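Work through the exercises below with the sequence and the model at hand. Each task is followed by a worked solution.

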Amino acid sequence: MFTSPLRPARRMATVGLSEIVMVSEAAAALKAAGRDIISLGTGEPDFPTPPHVIEAAHAAARVGETKYTATQGTLALRRAIATACERENGYAATPAEIIVSTGAKQVIFNALFATLDAGDEVIIPAPYWTSYSDMVTVCGGIAKIIPTSGADGFRLGAPALAEAITPRTRWLLLNSPGNPSGAVLSAADQASLADVLRAHPHVAVLSDEIYQHICYVPFTSFRAVAPDLADRTLIANGVSKFASMTGWRLGWGIGPAALIKTMVEAQGQITSGASSISQAAAIAALLGPQDYIAPRREAFRARRDLVATALVATGRLNCPLPDGAFYLYVDCTPCLGLTTPTGRKIASDADFCTQLLAQEGVAVVPGRAFGLPGHFRLSYAYDEASLARACAAITRFCASLT
Ligand SMILES: Cc1ncc(COP(=O)(O)O)c(C=O)c1O
């Protein structure tokens with residue numbers, strides 16, 4: 001039997017374009033066709049990269065920092081990461097305990113790729129960032145999804161964690177502040193999870209702290225809460241969100257030197273070192289002026305309040321007020337079973353999103369993409385005028401359902 005030489009590998013069977021990308025593309029297609037579209041689908045700050053960071057990139061290029069760097073990242077950047085980490089999180093890390101990658105995303109991929117064997121399990125609380133489960137699957141692992149609920153502020157509790165652990169569990173994946181929920185695990189929340197892990201020495205923790213600086217309550221790194229677990233804790237972080245540097249593709253991992261070494265070996269066969277220019281720029285982002293961060297955080301908080309208030313006022317949407325990141329994870333179950341003016345039944349969160357886009361031109365991402373249906377994710381990292389227009393459109397849409 002003929003099979004195409006270009007057929008996808010079996011490991012691609014469950015991987016496709018993420019729903020977030022598909023929503024953005026659907027919105028872009030409507031926009032190209034002349035529709036007035038407000039896309040609240042993607043998760044990146046609307047603020048520009050700070051000028052001192054851009055200047056550092058120019059300077060690096062001018063002095064010839066344009067060659068391959070060490071796969072693990074330049075020593076200068078790893079030292080800057082250690083300095084910033086000690087300043088902000090209160091713990092020290094050596095350059096050997098740090099890997100620089102092409103975004104925090106690659107840090108997470110490297111870790112899973114470098115450690116998972118077929119059938120190994122990774123515990124992921126839902127709702128989760130869509131890439132987590134796909135990355136686990138691509139790396140041969142099994143994503144064990146634990147649902148959380150809006151009533152609990154979308155926070156994983158210790159009993160649910162204890163119940164999910166099996167002899168095959170390799171990692172617990174935490175993300176605080178979280179995408180898509182915006183939920184923040186307090187120091188006490190994390191301490192109770194750490195207690196569970198102390199009884200299970202075969203389980204490591206990957207704590208994705210990429211939204212650390214977009215947090216409206218005190219932020220605590222998992223590693224600071226449980227220093228005794230440092231030998232099985234990997235922290236993922238980066239410049240994408242706090243310094244508005246999504247396109248520079250620069251993140252880092254902090255973990256035990258032996259794990260970092262294996263991740264560097266993996267990265268050496270995937271991308272080698274991150275961009276030399278982005279690494280120079282990241283040093284400026286970490287060691288240069290930090291005074292733009294707080295006003296941007298306050299702007300995000302004001303936008304959160306604006307949008308959450310408007311959505312709850314529809315009477316048909318619920319959302320707990322999140323403590324961080326720049327997303328609302330909105331419960332649209334009160335709209336399920338209703339019908340649009342054009343006779344379309346809203347049977348799922350995906351129907352809600354499709355009809356909202358068709359009727360009012362507002363793009364948001366269905367909750368099924370994040371492992372907890374009945375919701376949609378809205379990013380409020382947009383200017384207030386667009387957000388106000390979007391809220392008015394969502395209010396009209398909800399009111400039109402019968
Ligand atoms: C929770 C989470 N982790 C990691 C990333 C990726 O970060 P980076 O741009 O550094 O790869 C994102 C981006 O949306 C995210 O939401």
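**Exercise 1.** Find which strands helix α3 lies across, and at what angle helix α3 runs to β2.

Solution. In this predicted model, helix α3 covers residues 75-89.

**Exercise 2.** Give the order of the strands in the open sheet and name the edge strands.

Solution. Start with the order: seven strands are arranged as β2-β8-β7-β6-β5-β3-β4, with mixed pairing. Next, look for strands that pair on one side only; these are β2 (98-101) and β4 (142-147), the edge strands. Finally, ignoring direction, neighbouring strands of this sheet are turned against each other by 20° on average. As background, strands of a sheet pair through backbone hydrogen bonds, in either a parallel or an antiparallel way.

**Exercise 3.** Determine how strand β3 is joined to strand β5.

Solution. Strand β3 takes in residues 121-126, and strand β5 residues 169-175. The two strands run parallel and are joined by three bridges. At the level of residues, Val 122 stands opposite Trp 171 in β5.

**Exercise 4.** Describe the residues around the ligand.

Solution. There are 13 residues around the ligand. Those that come nearest are Gly 103, Ala 104, Lys 105, Asn 179 and Ser 240. Sorted by kind, the shell has three nonpolar, eight polar and two charged residues.

**Exercise 5.** What radius of gyration would a compact globule with 402 residues have, and what does the chain have?

Solution. For 402 residues, a compact globule would come near 21 Å. The chain has 21 Å, so the two agree. The C-alpha trace spans about 60 × 60 × 50 Å along its principal axes. Of the 402 residues, 49% count as buried. Among contacts with a separation of 6 or more, 72% join residues 24 or more positions apart. The chain's secondary structure amounts to 13 helices and twelve strands.

How values were computed:
Residues numbered from 1 in each chain as written. Predicted model: local features only at pLDDT ≥ 70, side-chain atom pairs only at ≥ 80, totals over all residues. Near = placed C-beta within 6 Å. Nonpolar A, V, L, I, M, F, W, Y, C, P; charged D, E, K, R; others polar. Pairing = 2+ DSSP bridges. Helix = DSSP H or I, 4+ residues; strand = E, 2+ residues; numbered from the N terminus. Axes fitted to C-alpha atoms, helices over the stretch in contact; angles between N-to-C directions. Contact = placed C-beta atoms within 7 Å. Rg over C-alpha atoms; globule rule 2.2 N^0.38 Å. Buried ≥ 20, exposed ≤ 12 C-beta atoms within 10 Å, placed from the backbone.
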